[in-house]
Amino acid sequence: GFSCFICETDHDVGDIGRVEACECPRCLPSVTLDLTQGQRVLEHMGAHILFDPGVVSAKGVLCGLCLRSPSQCQYFLGKGKGASGKIRIDQKASNGCLMKMNFSYNVAAESTTSSPCSNVPVQCPICPKSDPAIWKYFLKHHFEDKHSSLKVSNYSHHWKISAFERDEMRKIWSKRTVGAIKPAKQTSKTSLRISEAHRAQISIRYLNPIIPSLAH
């Protein structure tokens with residue numbers, strides 16, 4: 001017999017497994033991002049945030065991954081157990097991201113030679129801690145929008161990046177469409193047979209309506 005009532009993305013989800021790849025919502029020609037390689041995806045999308053004219057000109061706060069607005073995508077932070085517990089993404093509270101993936105928060109938060117992008121969700125030092133986190137590369141926009149009565153320059157250390165990081169991210173931007181970031185080879189699984197009468201499709205590729213489309 002056949003199973004019924006499934007909604008599909010552009011990717012094969014016949015095995016009802018976790019989506020491990022998706023297309024960059026900005027790149028033309030299309031670039032496939034491997035969601036199992038979190039730091040590489042952060043770098044790719046971070047390069048768009050810093051150097052994509054369509055994103056830069058939007059001058060708004062967006063998700064650092066799927067580039068959707070805070071009303072659609074929210075990340076919350078938590079802390080590990082114990083007094084020395086490290087900051088981490090609260091996966092249960094976070095919601096809405098079209099590029100949901102795992103990455104090491106503390107590794108990603110530090111710019112290094114092998115991993116230059118430091119764009120991670122950070123807690124605004126002014127907003128209530130119960131509020132969603134703001135991605136570092138967008139934190140200045142957040143302050144200009146929500147805390148304009150304050151002297152923004154007093155808080156610039158929260159979002160300022162080094163010349164090294166900007167230079168390395170510019171290199172990533174210049175090579176962003178050189179081949180796809182191919183997903184890891186998946187192990188074979190038994191496919192679930194779906195009734196065609198109960199199958200619907202959606203596209204995981206989109207362009208944020210508040211960001212002008214960009215042809216490369």
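This is a predicted model: local features need pLDDT of at least 70, side-chain atom pairs count only at pLDDT 80 or more; totals for chains, interfaces and linings use all residues.
## Helix α5

Helix α5 runs over residues 163-174 and has 12 residues. From first C-alpha to last, α5 reaches 17 Å. That is close to the 16 Å expected at 1.5 Å a residue.

Four residues of α5 are named here for their burial. Glu165, Glu168, Met169 and Trp173 are buried in this helix. Viewed down the axis of α5, the buried residues fall within an arc of 150 degrees, so they line one face.

What do the buried residues of α5 pack against? Their partners are α1 (38-51) and α2 (53-58).

The face turned away from the buried side carries Ala163 and Ser174. Both of these residues are exposed.

Arg176 lies in the loop between α5 and β8 (199-201). Is Arg176 buried or exposed? Its relative accessible area is 16%. The cut-off for buried is under 20%, so Arg176 counts as buried.

Arg176 meets Trp173 of α5 in two ways. The backbone oxygen of Trp173 lies 2.6 Å from a polar atom of the Arg176 side chain. The charged end of Arg176 also sits over the ring of Trp173, 3.5 Å from the ring centre. Trp173 is itself one of the buried residues of α5.

His48 is 128 residues away from Arg176 along the chain. The C-alpha atoms of Arg176 and His48 are separated by 9.0 Å.

## Aromatic pairs

How many aromatic pairs does the model contain? The count comes to three. In one of them, the rings of Tyr75 and Trp135 have their centres 5.4 Å apart. Their planes stand at 85 degrees, so this pair is edge-to-face. The edge-to-face class needs planes over 60 degrees apart.

The Tyr75 and Trp135 pair links distant parts of the chain, 60 residues apart. Tyr75 is in the loop between α2 and β4 (77-79). Trp135 belongs to strand β7 (residues 134-135). Tyr75 is buried, at a relative accessible area of 6%. Trp135 is buried too, at 3%.

Elsewhere, ring pairs join Phe143, Tyr155 and Trp159 into a cluster.

Key:
Residues are numbered from 1 along each chain as its sequence is written. Side-chain values use heavy atoms; hydrogens and water are left out. The expected span of a helix is 1.5 Å times one less than its number of residues. Buried means under 20% relative accessible area, exposed over 50%, partly exposed in between (1.4 Å probe, protein chains only). The arc is that of the directions from the helix axis to the C-beta atoms. Contact means heavy atoms within 4.5 Å. A polar contact is a pair of N or O atoms within 3.5 Å; within protein, one must be able to donate a hydrogen and the other to accept it, and residues adjacent in sequence count only if both atoms are side-chain atoms. Rings of Phe, Tyr and Trp (its six-membered ring) pair if their centres lie within 6.5 Å; planes under 30 degrees apart count as stacked, over 60 as edge-to-face and the rest as tilted. A charge sits over a ring if NZ of Lys or CZ of Arg is within 6 Å of the ring centre and within 35 degrees of the ring normal.
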